[in-house]
Amino acid sequence: MDGTVAVIGGGSTGTGIARDLAMRGFDVTLVEKGNLTHGTTGRMHGLLHSGGRYAVSDRSSARECIEENRVLREIATHCVEMTGGLFVQKEGDADEYFEEKLEGCRECDIPAEVVSGKEAREIEPYLAKDVKRAIRVPDGAIDPFRLCVANAASAIEHGARIETHAKVTDVLVEDGEVVGVEVEHESGPGKRVHRKPGTTEEIRADYVVNATGAWAGRVGAMAGVDVEVRPSKGVMVVMNTRQVDTVVNRCRPKGDADIIVPHETAAILGTTDEEVEDPEDYPEEGWEVDLMIDTLSELVPILKDARTIRSFWGVRPLYEPPGTGTTDPTDITRDFFLLDHEERDDLPGLTSIVGGKFTTYRLMAEKISDHVCEQFGVEAECRTADEPLPGSEDIGNLEEYMDEFGLRSPIAKRSTKRLGSFSPQVLGGSNPNPVVCTCEAVTSAEIDKAIDESGTDLNAVRLRTRASMGNCQGAFCCQGIASQLHPTYDEPTVRDAYDELYQERWKGERHGLWGEQLSQAALKYALHATTLNRDRDPAARESDLDFAAFDDGRSTDDVEPDTSRGTRETAADGGRLPPNEGPDGDS
């Protein structure tokens with residue numbers, strides 16, 4: 001090994017750095033306070049930038065985007081859907097800006113083609129009738145969850161330690177030099193073996209990389225250095241179907257609500273740009289959701305009558321050098337910065353990477369890995385632009401997979417796209433493989449694979465498979481997903497995992513409860529309350545139910561609790577039952 005490096009942050013940049021450094025021979029430990037994608041990465045709209053978005057305002061970022069767009073299409077095929085994109089000009093939108101956008105794209109080597117309004121509507125039939133013309137660019141959609149997991153998996157394959165649910169509580173400084181970090185371990189759901197919850201661990205390292213995005217200032221403060229991150233929140237609204245199959249941008253100067261991204265079976269509307277003080281504590285307001293729908297309906301009128309299935313907010317890790325003094329967050333550059341704290345603050349052993357975009361995560365990782373190599377005199381070259389991520393090594397012919405696995409083609413197409421080169425391994429078994437999540441066409445075999453990787457963390461299963469992320473938001477599949485934990489895990493553990501998944505789904509629905517979505521939410525509640533007893537779950541009681549009370553009209557609440565049964569507590573071993581023990585304890 002060439003040296004030990006601690007990477008703080010389990011988003012796209014952190015996992016990318018861990019992969020790059022591990023591939024170059026470093027002994028890497030990545031620590032993340034939550035699960036992977038816990039921060040900004042898990043709360044973005046899934047756009048793979050062509051660079052067109054920045055072709056007027058930030059051409060340096062635009063050039064980086066198109067270069068990385070091409071790289072990710074090669075190394076992360078199972079995470080990318082090349083939808084294409086349109087920058088749409090409506091009647092009344094400035095011709096000068098349209099021409100400036102076109103010129104910017106061409107100067108930045110972004111393939112750009114002008115199409116008429118009629119041609120644009122042939123591509124996207126639901127575009128407004130007063131669309132004048134559009135610029136066609138190679139935008140796409142990308143799955144951030146799948147991409148981060150693939151980077152982490154590759155890092156592990158090259159010897160890295162990925163430690164989630166490990167919150168950094170201190171950056172260790174000795175004799176004026178950073179020598180590691182102190183973390184506090186939490187349990188975290190899933191099969192990953194964590195240290196004892198509540199205990200602390202000192203992770204000694206020759207070098208520490210702060211890749212915590214919007215939280216970089218907090219980590220910097222632990223080391224006594226100032227990192228001037230300016231967090232900016234943005235709302236995303238998820239619609240019930242793909243109202244568009246192409247990324248649709250409004251071709252006008254930057255502003256709120258100007259992009260629609262088709263993502264899997266849904267469309268995501270975005271976004272706002274508002275500076276906030278605290279990246280974890282900011283208002284999530286209903287008017288922001290209304291703004292997305294009202295404004296973007298001007299481009300795609302059908303959105304006005306569509307169903308909003310959920311909304312969520314993310315925080316951009318914007319950064320600008322001290323003294324710039326920008327007052328409007330939309331004017332802050334989207335470029336990234338490497339802050340060498342030895343050079344800047346006379347503190348050796350620590351570097352922060354701030355700013356940037358999801359599309360350029362790999363390039364950011366390469367630059368900071370180059371920097372770390374310089375510190376150690378390591379000459380190993382970066383290989384991350386050439387070596388495919390796990391799952392994208394050999395996608396093969398998807399049509400052949402469909403035939404081979406005997407699946408109906410739409411399901412097979414979705415499954416093989418998600419699984420990539422893992423398709424034969426996952427789908428090739430002899431057991432029945434029914435569809436569990438009908439909205440997203442996720443099969444039982446995919447869920448089993450995700451459970452094998454994530455254990456009881458059903459939200460991690462969700463992120464790996466998209467199960468419960470479709471139109472019904474888990475109304476018809478949460479219980480089916482949870483049931484696949486049984487009989488490997490005991491009944492209280494299965495119920496707790498189910499509750500956590502269900503609550504996570506509900507959290508994003510509550511901002512859009514009007515019209516059809518309100519009736520859908522009421523239906524979902526009724527289904528789970530009446531058919532699964534989730535409003536008065538007998539398993540949550542400490543006493544037996546008096547079923548005879550139903551016959552004579554007495555309330556079951558009149559029954560005295562039977563405390564001899566004890567209370568429901570998750571087993572100390574995480575609820576996993578011994579391999580030779582059945583669900584009732586029978587061998």
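Tutor: Helix axes here are lines fitted to C-alpha atoms over the stretch in contact, with angles between N-to-C directions running from 0 to 180 degrees. The model is a predicted one.

Student: At what angle do α1 and α5 cross, then?

Tutor: Helix α1 (residues 12–23) and helix α5 (residues 144–157) cross at roughly 25 degrees, and their axes come within 8 Å.

Student: Why are α1 and α5 called roughly parallel?

Tutor: Angles under 35 degrees count as roughly parallel, and the pair crosses at roughly 25 degrees, so α1 and α5 get that label. Their crossing is left-handed.

Student: Which residues make the contact?

Tutor: From α1, S12, T15, G16, A18, R19 and A22; from α5, C148, N151, A152, S154 and A155. By class, that contact has five nonpolar, five polar and one charged residues.

Student: Other topic. How do α16 and α17 pack?

Tutor: Helix α16 (residues 491–507) packs against helix α17 (residues 515–532) at about 165 degrees, with the axes 13 Å apart. The two are therefore roughly antiparallel, and the crossing is left-handed.

Student: Which residues meet there?

Tutor: Y498, Y502, R505 and W506 of α16 meet A521, K524, Y525, H528 and L532 of α17. Six of the contact residues are nonpolar, one is polar and two are charged.

Student: Now S415. Buried or exposed?

Tutor: S415 is buried, at 0% relative accessible area. This serine lies in helix α11 (residues 409–419).

Student: What does the S415 side chain pair with?

Tutor: The side chain of E446, through a polar contact of 2.8 Å. Leaving out residues up to four places away in sequence, S415 touches S423, L427, A441, T443 and E446.

Terms used:
Residues are numbered from 1 along each chain as its sequence is written. This is a predicted model: local features need pLDDT of at least 70, side-chain atom pairs count only at pLDDT 80 or more; totals for chains, interfaces and linings use all residues. Side-chain values use heavy atoms; hydrogens and water are left out. Helices (H or I, at least four residues) and strands (E, at least two) are DSSP runs, numbered from the N terminus. Angles under 35 degrees count as roughly parallel, over 145 as roughly antiparallel, 65 to 115 as roughly perpendicular and the rest as oblique. A crossing is left-handed if the near helix is turned anticlockwise from the far one by less than a right angle, and right-handed if clockwise. Contact means heavy atoms within 4.5 Å. Ala, Val, Leu, Ile, Met, Phe, Trp, Tyr, Cys and Pro count as nonpolar, Asp, Glu, Lys and Arg as charged, and the others, Gly among them, as polar. Buried means under 20% relative accessible area, exposed over 50%, partly exposed in between (1.4 Å probe, protein chains only). A polar contact is a pair of N or O atoms within 3.5 Å; within protein, one must be able to donate a hydrogen and the other to accept it, and residues adjacent in sequence count only if both atoms are side-chain atoms.
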